[in-house]
Each structure stands twice: as structure tokens, then as C-alpha cells.
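Good morning, and thank you for making time for this presentation. I shall ask you to look at the model first, and I shall then take it region by region.

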Amino acid sequence: MEGEIFQSVISVFSVVNLVAIFVGVAFGIFMGAIPGLTGTMGIALIIPLTYGFSPLTAFCVLLGAYKGCLFGGSIPAILLNTPGSPAAAATVLDGYPLAQKGRGSEAMGMALWASVIADVIATVILVLGAVSLAKLATNFGPPEFSTLVLFALLVVAGVSGNSLSKGLIAASLGFLFGTVGLDPMVATPRFTFDNVNLMNGISLMAMLIGLFAVSELLIQAENLVEKQTAKQANGKASSSISWFQIRGSLKTICRGSFIGVVLGAIPGLGATPAAFLSYSEAKRKSATPEKFGQGELEGVAAAESANNATCGGALIPLLALGVPGDVTTAVLMGAFLIHGLAPGPALFSEDISLIYSLFVVLFIASLFLPLVGKVAIKLFFQITRIPQSVLLPIIAVFCVVGVYGFNNSTVDLWIMLGFGLLGYVMRKLDFPLAPMMIGFVLEPVGEQAVRQALTLSEGNWLIFVSTPLSVLFLVLSIISAVVIFRRNTNKNGV
């Protein structure tokens, strides 16, 4: 066993493989940092380029890109209020306000080091407990998914701003938009208005870019008349942050890492719910929760740690059972098959040396991340020095190109514009945008799980208390509801 591990380490530390990891991380950061150009898209684009590589070298590039794209989404989220990925929408909540206060370098530094620490923690957990955690994930059936989604929706109150009612309305709207498309059980169209382009539902990328980026363009265009330029242009082009600041958020980073690993290991959830859940937990446990959303470094640490830890979590079911944990690992599974490998228990018994090599690749990618990330931050930080009158049209072009290129659909452009106007109105009326995203992302998982559970039980609702895990999530939901009610009662002075 020791000989296999040693041989795996030696095989990774070749010039070709190290360069492949470096290029993968850099490419992933670039794809994640450009709004609309997702990491999943980037990995799908470079898979054909790895056909002539050995399996190990190919996955040096692909896993490096996976690591890089998770962090890359935080760069435009903090600097431009435009998340480069859905999960980075949680980073926007405190990252952009920090940048507006001239603390963009601190926010970027926290995002970078929270990502690095979470990467290392998640990879250690992946190495030590891949099989056992994968088995835990497979215990999640329809009742467990249903109660988990209920718990997550109640946690929405943690990111719903100053008004619980507005937060729940926003979450409900997101849940409603998630029902557009084909019924998941009987495949009949719902709310499509006989438009075949809506059969697959509303594009998440179009909604994301519209809700956050287009609404921000409208707000900034409105301010441009008054010459109100963004404050982050006066910040330093670096990722400067002190060890004292990192240490102050270390507990939050560790908690976010474990949340990311657990939710990442549950197939179908992914980074977005993990980032928002970690953010809301950090806010709930903070001594100064009122600072969250106004520019709090701990909020950035919570979101980015959970976001990046999902990489290790999502790889657990993929490698151990051959079940992708999220969309990106589904693309990676295709890469495995293309290179003649079948991820799952057989891979552990037939080619254990490759598994160890992949673990080493993940550690090296985590070490390359701060090196490449610092350079990337300096390059992208220059965007904030461009005059708003020039920058806004450029961002608008990126939004249009990114959304259209994602599905090659003009309908997605109209969806983007519609959600941009909706986001603008919501922001003017002080409705939070994050709960809408949470509701939209969780709707397909929640609806299908509830209906499958009721089908299995022939309509008996007791199925939702039939397993220990479902009971656990129900208890957590009740506790969350009580805490939320008391918080709002105290806030309103009732």
C-alpha cells in the first residue's frame, strides 16, 4: 500500500503534470471570473483537448480547472456585483459592499484564503472518508431530500435582510419560477404558455445574470448621471489581508468547509445551497448579525469556504460510487468514460494508484490556487479603474454574449432582461435577491422528492418521519422556525 502511494506521488510530480495542473487552475479562474462563462462550460470545452493525454495528465488539467473555477466566480462578484457562478451569488452579499467601501483587496484576500483552506480541508476529508461519506449520501431518499429542502428554505430567513416577510416572498417567487417547464413526474408542460423554449424551464444562467448583473447595470446607469463612481476603484490591486483577519474567521471557514463537503456529497445539491447555508449559519452564530449584508469579511469567508469545499464533497460519490455530485462532476464523469475509466468501487480495486494520484493532484491544485489567484486578482482588479461610462457597456456585452453562448438561445436573452428589470424593482423596494435564487435552485429537488415520497407511501404523509435522517431535518426545521420567529418578534418589539 505504501509503495502504491509513493509511486502515485512520484508520477504526479513530473514537469508535464505540474504544468497541466497550473494551466488548469489558471484556465478555471479565467472561466469562473467572466460572467456567463461557467467553470462547467470551461471543463466541457477542454475535455476534447485532453484526448491525446494520458488519463493522469488529462485529470491534472480538469481537476485544476475545477478548483480554479470555484474561486474565480468570486472575483466579479466582489468587484462588480456580478457573480461569475451561481454559488458566488452568496459572496456578492458582503463582498461587493466591502469593495464599495474601498476594502476590495481585503474581500478578495479573504475569498482567496478561505477557498484555499476549505480546499485543503475538503481534500483531506475526501482522502480519509470517501467511501463512508459516499455511503451516507446514498441513504438520502425522497423523504430525506424533502425535509432537507424544507430546512434549507426556512434557513432562507437568515439571508432575507431586515424583513422576514420580504425574504419569504422572494423565496416563494423563486420557487414559483422553478416550476416552469415540464412536470418532473408526468412530463406535462407547466407555465410554458405553449412556448417550446420554456419546456426545459427557465435558464439558471439567464436568471442569475439578469437578477444580479443586469439589475446592477441599471442601478449603476442611474447613478452615472450623478457621477457616483464605485468606491472600489480606489482600493489596492492586491489580495492584501492580515493573518489576524483570517484567524478571526477561521471557525467560520471550518464550518463552511464541512457544510460544503456534506452538501457536495449529496447528489443534486451542489455549491449554491452550500454557500447560502454556510452564509446564513455564519450570520446566525455571529455576535453582530446586523453587519452581514453591509460589508462583513466573515460573510465572504462563509460563502467561499462552502463553495470551494463542495469540490471535495462532490468527488466523493463520483469516485466511490460513480454517482456525480453536481453538474461539473457529471461532466468529469464523461471525461472518465472518454479515457476508458469507470468511476466507482471497481476503480478503487482495479486502479487504486490512479485514485491516489488524483488525491495528490487535488492537493497540488490547492497549493497553486493562491499563486495563480493573486496574479488573477491583480489583473481583474484593473477593471475597477476603467471609467463607468466605458465599463458598463463592456459588462453588458459580456452578459449578452455569456447568456446567449450558454444555450445559443435568444429566448434566454429576453429572460435575462426580464429578470434584470425584476431585480431592479426588487432592489428599489428593498426585497432581497438571494432568497429568490435559493428558492429557484431548490424547487426541482424539493418538488420531485416530495412527490416521489408520497407516491411511494400511497399518499401517507407519515413517510416524512419514517427515517432517522428525515426526522433530524424536521427537528432542525422546527428549531429554525422558532429561532426565526423569536428574532423577528424581538426586532419588531412585540
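Let me begin with a definition: buried means under 20% relative accessible area, exposed means over 50%, and partly exposed lies in between, with a 1.4 Å probe and protein chains only. This is a predicted model, in which local features need pLDDT of at least 70 and side-chain atom pairs count only at pLDDT 80 or more, whereas totals for chains, interfaces and linings use all residues. Residues are numbered from 1 along each chain as its sequence is written, and side-chain values use heavy atoms, with hydrogens and water left out.

By that definition, Ser146 is buried, with a relative accessible area of 8%. Ser146 sits in helix H8, residues 142–155; helices (H or I, at least four residues) and strands (E, at least two) are DSSP runs, numbered from the N terminus. Contact here means heavy atoms within 4.5 Å. Not counting residues up to four places away in sequence, Ser146 touches Ala449, Val450 and Phe464. Its side chain reaches the backbone oxygen of Ala449 at 3.4 Å. A polar contact is a pair of N or O atoms within 3.5 Å; within protein, one must be able to donate a hydrogen and the other to accept it, and residues adjacent in sequence count only if both atoms are side-chain atoms.

Glu447 belongs to helix H20. Is Glu447 buried or exposed? With 14% relative accessibility, Glu447 counts as buried. The side chains of Glu447 and Arg451 are joined by a polar contact of 3.0 Å. Setting aside neighbours within four places in sequence, Glu447 is in contact with Pro184 and Arg190.

I turn to the chain as a whole. It has 21 helices and 2 strands, and buried residues make up 57% of its 494 residues. Of the contacts between residues at least 6 apart in sequence, 79% join residues at least 24 apart. As a separate case of sequence distance, Leu392 and Ala221 are 171 residues apart in sequence, yet 7.7 Å apart in space, C-alpha to C-alpha. Leu392 lies in helix H18, residues 388–407, and is buried at 10% relative accessibility.

Next, the core. A nonpolar core is a set of buried Ala, Val, Leu, Ile, Met, Phe, Trp, Tyr and Cys residues joined through side-chain atoms within 4.5 Å. The largest one has 135 residues, of which Ile21, Tyr66, Phe71, Ile75 and Leu315 touch the most other members. Helix H17, residues 352–381, gives the most to this core, with 17 residues. Beyond four places in sequence, the residues that Leu315 touches include Leu63, Tyr66, Leu126 and Leu362.

How do helices H6 (residues 89–100) and H13 (residues 271–285) pack, and at what angle? The angle is about 40°, with the axes 8 Å apart. Axes are lines fitted to C-alpha atoms, for helices over the stretch in contact, and angles run from 0 to 180 degrees between N-to-C directions. H6 and H13 are therefore oblique to each other; angles under 35 degrees count as roughly parallel, over 145 as roughly antiparallel, 65 to 115 as roughly perpendicular and the rest as oblique.

Finally, a backbone feature. Glu458, though not a glycine, has a positive phi of about 55°. Glu458 lies in the loop between helix H20 (434–456) and helix H21 (468–491), and is exposed, with a relative accessible area of 75%.
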